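Biologist: Could you walk me through this model, one question at a time? I would like to start with the strands, then turn to the helices and the pockets.

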Amino acid sequence: MVKVVFFGQTREVLNTPSILFEEPASNVAELRAKLQLRGDVWAEQLQSGKTLVAVNQTMASDDCAISANDEVAFFPPVTGG
Amino acid sequence: MVSVQSTPIDVNAAYSSLTENTDADGAAVFFVGKVRDNNVDATVYQLTLEHYPGMTERVIEEIISAARARWSLNRISVIHRVGPIQVGEEIVFVGVTSTHRHNAFNAAEFIMDKLKTQAPFWKKERSEQGEKWIEARESDTLAADKWS
C-alpha cells in the first residue's frame with residue numbers, strides 16, 4: 001500500500017487531497033497508469049507531461065521504484081515566490 | 001532560517017534578525033515579493049498559496065545549501081507565506097548577508113530563481129475574471145537555468 005497525495009490544481013480537479021492505494025505498483029509509471037484507470041478526469045490530470053511526481057518528498061521520474069508505505073505526490077509545475 | 005507561514009511577513013523584523021550581530025558582514029541584500037493588483041490584463045483581488053508541508057521546507061534548505069556551495073555567505077533567511085494573501089501583502093522574503101555585496105546580490109537572485117521553479121508552492125488567483133490556478137512561466141524556467 002502507498003499513500004498518494006495531490007496538490008494544487010491536481011488536488012482540486014481530482015477532488016481529493018490523498019488516497020491509500022492498495023494495488024501493487026513497482027514504479028511511478030505503473031502507479032500513474034493504474035491511477036489513470038480510475039476515470040477520464042484521472043487519465044487527463046495525471047498525464048506524464050502535465051504533472052510532476054515526488055516519491056517520499058523528493059522529485060522523481062517515471063522509472064523511480066516504489067516500495068510499500070512510500071508517499072507519492074502528483075502536482076502541477078510549481079508557481080511560488 | 002526558513003519559515004513557511006500563514007501569518008503576515010514582518011519585513012522590518014526579518015531584516016533585523018537577518019543582520020543583528022553580523023558585524024563582519026559589509027553587505028545585506030534582501031528581496032521582497034508582493035501580491036500585485038494586476039496579472040495579464042485582469043484586476044487581481046487575492047492570491048491563495050498552497051504548499052507541500054515537509055517537502056517545501058526541505059527543497060528550500062537544499063536551495064540554500066546550493067547557494068552556500070557557490071558563494072561565500074553568512075546569514076540566509078527565506079520566509080514564504082501560504083494561505084490567502086491580499087493585494088499589497090508580502091509573499092516572500094529572501095535575505096542574504098556576506099562580506100561583500102556581489103556574493104549577496106548573486107545568492108539572493110539565485111535563491112529566488114530556484115525558489116520559483118523548484119519549491120513546491122502553487123498559486124491560485126482570484127481576479128475580476130474569477131478564480132484560476134497560475135501556470136508556470138517559461139521565463140522563470142529560463143531565469144533558473146542560467147545558473148546551471
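Biologist: Which residue in S5(A) is the bridge partner of Leu52(A)?

Modeller: Happy to start there, and keep in mind that this is a predicted model. Strand S3 of chain A covers residues 52-55 and is joined by four bridges to strand S5 of chain A, residues 71-75, the two running antiparallel. In S5(A), the residue that bridges to Leu52(A) is Phe75(A).

Biologist: Which strands are at the edges of the open sheet in chain A?

Modeller: Five strands make up that open sheet, with mixed pairing and the order S2-S1-S5-S3-S4. On average, neighbours in this sheet are turned by 30 degrees against each other, direction ignored. An edge strand pairs on one side only, and here those are S2 (18-21) and S4 (58-60) of chain A.

Biologist: Over in chain B, why is one side of S1 and of S2 left without a neighbour in the sheet?

Modeller: Chain B has an open sheet of four strands, ordered S1-S5-S7-S2 with mixed pairing. S1 (2-5) and S2 (27-34) of chain B stand at its edges, so one side of each lacks a neighbour because each has a single partner strand.

Biologist: By how many degrees are neighbouring strands of the chain B sheet turned against each other on average?

Modeller: The strands in question follow the order S1-S5-S7-S2 in chain B.

Biologist: How do the residues of the contact of H2(B) with H3(B) divide into nonpolar, polar and charged?

Modeller: H2 (residues 55-70) and H3 (residues 101-118) of chain B pack at about 150 degrees with axes 10 Å apart, and their crossing is right-handed. From H2(B) come Val59(B), Ile60(B), Ile63(B), Ala66(B), Ala67(B) and Arg70(B), meeting Phe110(B), Ile111(B), Lys114(B), Leu115(B) and Gln118(B) of H3(B). By class, the residues of this contact are eight nonpolar, one polar and two charged.

Biologist: Which element gives the most residues to the lining of the largest pocket?

Modeller: The largest pocket holds about 580 Å³ of space. Of its 31 lining residues, those closest to the centre are Gly80(A), Lys116(B), Lys123(B), Arg137(B) and Asp140(B). Elements of chain B that each supply at least two lining residues include S4 (42-51), S8 (121-127) and H4 (138-145). The element that gives the most, with five residues, is H3(B).

Biologist: And how many nonpolar, polar and charged residues are in the lining of the second largest pocket?

Modeller: The volume of the second largest pocket is about 250 Å³. It is lined by 13 residues, and Gln9(A), Lys50(A), Pro76(A), Pro77(A) and Glu135(B) lie nearest its centre. Sorted by class, that lining has six nonpolar, five polar and two charged residues.

Technical notes
Residues are numbered from 1 along each chain as its sequence is written. Chains are lettered from A and ligands numbered from 1 in the order in which they are written. This is a predicted model: local features need pLDDT of at least 70, side-chain atom pairs count only at pLDDT 80 or more; totals for chains, interfaces and linings use all residues. Side-chain values use heavy atoms; hydrogens and water are left out. Axes are lines fitted to C-alpha atoms, for helices over the stretch in contact, and angles run from 0 to 180 degrees between N-to-C directions. A crossing is left-handed if the near helix is turned anticlockwise from the far one by less than a right angle, and right-handed if clockwise. Contact means heavy atoms within 4.5 Å. Ala, Val, Leu, Ile, Met, Phe, Trp, Tyr, Cys and Pro count as nonpolar, Asp, Glu, Lys and Arg as charged, and the others, Gly among them, as polar. Two strands pair if DSSP finds at least two bridges between them. On a 1 Å grid over the protein atoms alone, a cavity is a set of points where a 1.4 Å probe fits but cannot get out, and a pocket is an open set with protein on both sides within 12 Å along at least five of seven lines; lining residues have an atom within 4 Å of a point. Grid points are joined across faces, edges and corners, and a volume is the space filled by probe spheres set on the points.
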